[in-house]
Amino acid sequence: MQAVQLVEAVGPQGVAITEVPEPVASDGQVVVDLHAAGVSFPDLLQTSGSYQMVASLPAVLGAEGAGVVRSAPLGSGLTEGQKVAVLALDGAWQQTVVLDPRFVFPLPESVSLTAGSGFLMNYLTVHFALDERARSRAGETVLVHGAAGGIGTAALQVAAALGMETIAVVSSDEKAKVAAANRATHTVMVDGFKDRVLELTDGRGVDVVLDPVGGDRFLDSIRSLAPNGRLVVLGFTGGEIPTVKVNRLLLKNVSVVGAGWGEYIRAFPDYTARQWAGLVPRLKDGSLIVEEPKVVPMEAAVGALESLADRTATGKVSLSLRPDAVVE
């Protein structure tokens, strides 16, 4: 079968399409033929060896995808031919994967395979950040940095489904349109965002900040919090890892918490089933919307990664793994 592997840790140019043997399922595992797989920021970090978990090369990249069940063990609740999304932490940029049933998620009919391919990493991450780490509630206001990217658009959609207002921070008019299309209540430009946030909230500030960017906007994010506000650190796409003087937390009675969803589910693998049980009803009733990603062929994997590196990507990007297949 074909796979996209990292063969040299030199950045996006180190990936290549290769032929690899199909994986063999052990007892209790599910075999899934993938149709598409999501491209995420950790994949970009892997290409330069800068992710916290460095894989031995060559390594199949990707951690999420969607496809059709080829076979499943009795009692798994999965059936042959079923449309599913998967978490394949050992590599999803390949045409077939074998998995523990806990990491295979039946997709509602309303969610296509392409949309499902880019759903789990971003949507479950922001659900974890809002629900488990920030303990957010309906009616609260969330400030979302990087709001036109994959994690940002997912954050806007999940927050809307949870009954929260959102303020999307963007860097261009084009990205403001992307955020608005993903149900942002308000959009503000990154330059001067703190003052604009205080204007929109009548000086109170926001209840939650979701920050996948870091860098020099971190301090103003803390200043944008209302009393009892929570800033959730999701990553550092801006490159710089910021620091905070904890007296600021004391004076305003605010919190800074981390949301490392990948590490959390490695420690608590059953947690994803709880998340899925909470999100599926919202997918079915339409309150949670999964936008279609930009789908590119496997041959365009380098460009897909580079679009994350230079922050030109808007929304989610996925790789088509079976271009001749009918995707529904």
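## Overall form

The model described here is a predicted one. Along its principal axes, the C-alpha trace spans about 60 × 40 × 35 Å.

The secondary structure of the chain consists of eleven helices and 16 strands.

## Division into domains

The chain is divided into two parts: domain 1 covers 2–118 + 291–320, and domain 2 covers 122–262. Taken over C-alpha atoms, the centres of domain 1 and domain 2 are separated by 27 Å. Nine residues from domain 1 and 15 residues from domain 2 take part in the contact.

## The surface between the domains

About 990 Å² is buried between domain 1 and domain 2, and carbon and sulfur atoms give 52% of this area. On the side of domain 1, Glu291, Arg311 and Thr314 supply 48% of the area buried against domain 2, more than any other three residues.

Between domain 1 and domain 2 there are zero salt bridges, while one residue pair is in polar contact, with both residues at pLDDT 80 or more. Sorted by class, the side of domain 1 that touches domain 2 has three nonpolar, two polar and four charged residues.

## Salt bridges

Side chains of opposite charge can pair when their charged atoms come close. A search of the whole structure finds 15 salt bridges. One of these joins Arg102 to Asp270, with the closest N and O atoms 3.3 Å apart.

This pair links distant parts of the chain, Arg102 and Asp270 being 168 residues apart. Arg102 lies in the loop between strand E7 (96–99) and strand E8 (104–106). Asp270 lies in the loop between helix H9 (261–267) and helix H10 (271–285).

## The surroundings of Ile151

Ile151 is placed in helix H4, which comprises residues 150–161. Leaving aside residues up to four places away in sequence, Ile151 touches Asn122, Thr125, Val126 and Pro212.

## Backbone features

Most residues other than glycine have a negative phi, and most peptide bonds are trans.

A cis peptide bond joins Leu57 and Pro58, with omega at about -5°. Pro58 belongs to the loop between helix H1 (41–47) and strand E4 (59–60). Arg135, although not a glycine, has a positive phi of about 50°. The location of Arg135 is the loop between helix H3 (120–133) and strand E9 (141–144).

Methods
Residues are numbered from 1 along each chain as its sequence is written. This is a predicted model: local features need pLDDT of at least 70, side-chain atom pairs count only at pLDDT 80 or more; totals for chains, interfaces and linings use all residues. Side-chain values use heavy atoms; hydrogens and water are left out. Domain bounds come from an automatic or database domain assignment. Contact means heavy atoms within 4.5 Å. Buried area is the accessible area (1.4 Å probe) that two parts lose on being put together, summed over both. A salt bridge is a side-chain nitrogen of Lys or Arg within 4 Å of a carboxyl oxygen of Asp or Glu. A polar contact is a pair of N or O atoms within 3.5 Å; within protein, one must be able to donate a hydrogen and the other to accept it, and residues adjacent in sequence count only if both atoms are side-chain atoms. Ala, Val, Leu, Ile, Met, Phe, Trp, Tyr, Cys and Pro count as nonpolar, Asp, Glu, Lys and Arg as charged, and the others, Gly among them, as polar. Helices (H or I, at least four residues) and strands (E, at least two) are DSSP runs, numbered from the N terminus.
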